[in-house]
Amino acid sequence: MNIEIISGSPRKESVTQRLAIYLKNYLAENTSHTIQIIDVKDWEIGLLQHVFATEAHAPEHLKPLAKRMFAANAFILITPEYNGSYSAALQNLLDHFPKQQHKPFGIVTASTGALGGMRSAQQLLLLVAALFGITSPYLLVTPFVDKKFSAEGQLLDSSFQKNIYNFIKEFLWLAESLHPEPVSSYN
């Protein structure tokens with residue numbers, strides 16, 4: 001399976017990116033799936049003018065992004081919380097592509113505060129439904145992300161490992177159920 005982790009923070013010094021790096025490395029080490037990160041900072045998308053119905057409809061500089069979006073079998077959305085919701089940059093990226101019908105989504109939020117982006121997680125549940133995606137039931141809400149992960153994406157707080165394990169287990173169960181070949185050996 002092709003799993004795209006979409007890192008939704010447009011900030012240069014994003015602490016959310018730490019979590020994206022960790023999850024990419026963790027999934028790559030523990031599954032046989034292809035894992036990549038789409039970082040919203042890496043793409044000059046502009047405000048929505050047209051939905052890219054196919055890869056061919058994307059502007060030349062966005063064709064590599066379109067190719068990855070259309071090839072993805074599953075997505076993990078990672079966002080900080082901005083004013084009680086997910087980032088506008090994440091919304092803008094997703095708006096440029098058609099509905100993601102029947103594709104599984106994992107929801108991950110991060111905050112330097114105690115609630116870990118819980119309100120943005122609630123908003124992402126509505127967004128995934130609007131995209132016709134299927135949300136994994138276990139969310140990864142990450143409070144104090146700056147203390148849980150290093151800038152290099154290393155887990156600093158081992159007590160958080162169980163949360164990560166449960167999120168990955170449930171996400172992979174959903175993704176592999178919808179795309180049953182090949183099944184990972186992740187337990």
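Predicted model: local features only at pLDDT ≥ 70, side-chain atom pairs only at ≥ 80, totals over all residues.
**Group meeting: the main pocket and a helix pair**

The lining of the largest pocket divides into 5 nonpolar, 5 polar and 3 charged residues.

The pocket in question has a volume of about 170 Å³. Its lining comprises 13 residues. Which of them lie nearest the centre of the pocket? They are Arg11, Val15, Pro80, Ser111 and Thr112.

Next, a word on confidence. The protein has a mean pLDDT of 93, with 96% of its residues reaching 70 or more. Strand S1, residues 2–7, has the highest confidence, at 98, and helix H3, residues 88–95, has the lowest, at a mean of 94.

I turn now to a helix pair. Two packed helices are described by the angle between their axes and the distance between those axes. Helix H1, residues 16–30, packs against helix H6, residues 161–178, at an angle of about 60°, and their axes lie 12 Å apart. The crossing of H1 past H6 is right-handed.

Which residues meet in this pair? From H1 come Tyr22, Leu23, Tyr26 and Leu27; from H6 come Gln161, Ile164, Tyr165, Ile168 and Leu172. By class, the residues of this contact are 8 nonpolar and 1 polar, with no charged residue.

Methods
Residues numbered from 1 in each chain as written. Heavy atoms only, no water. 1 Å grid on protein atoms, 1.4 Å probe; cavity = no way out; pocket = protein on both sides within 12 Å on 5 of 7 lines; lining within 4 Å. Points joined across faces, edges and corners; volume = space filled by probe spheres on them. Nonpolar A, V, L, I, M, F, W, Y, C, P; charged D, E, K, R; others polar. pLDDT = per-residue confidence, 0-100. Helix = DSSP H or I, 4+ residues; strand = E, 2+ residues; numbered from the N terminus. Axes fitted to C-alpha atoms, helices over the stretch in contact; angles between N-to-C directions. Left-handed = near helix turned anticlockwise from the far one by under 90°. Contact = heavy atoms within 4.5 Å.
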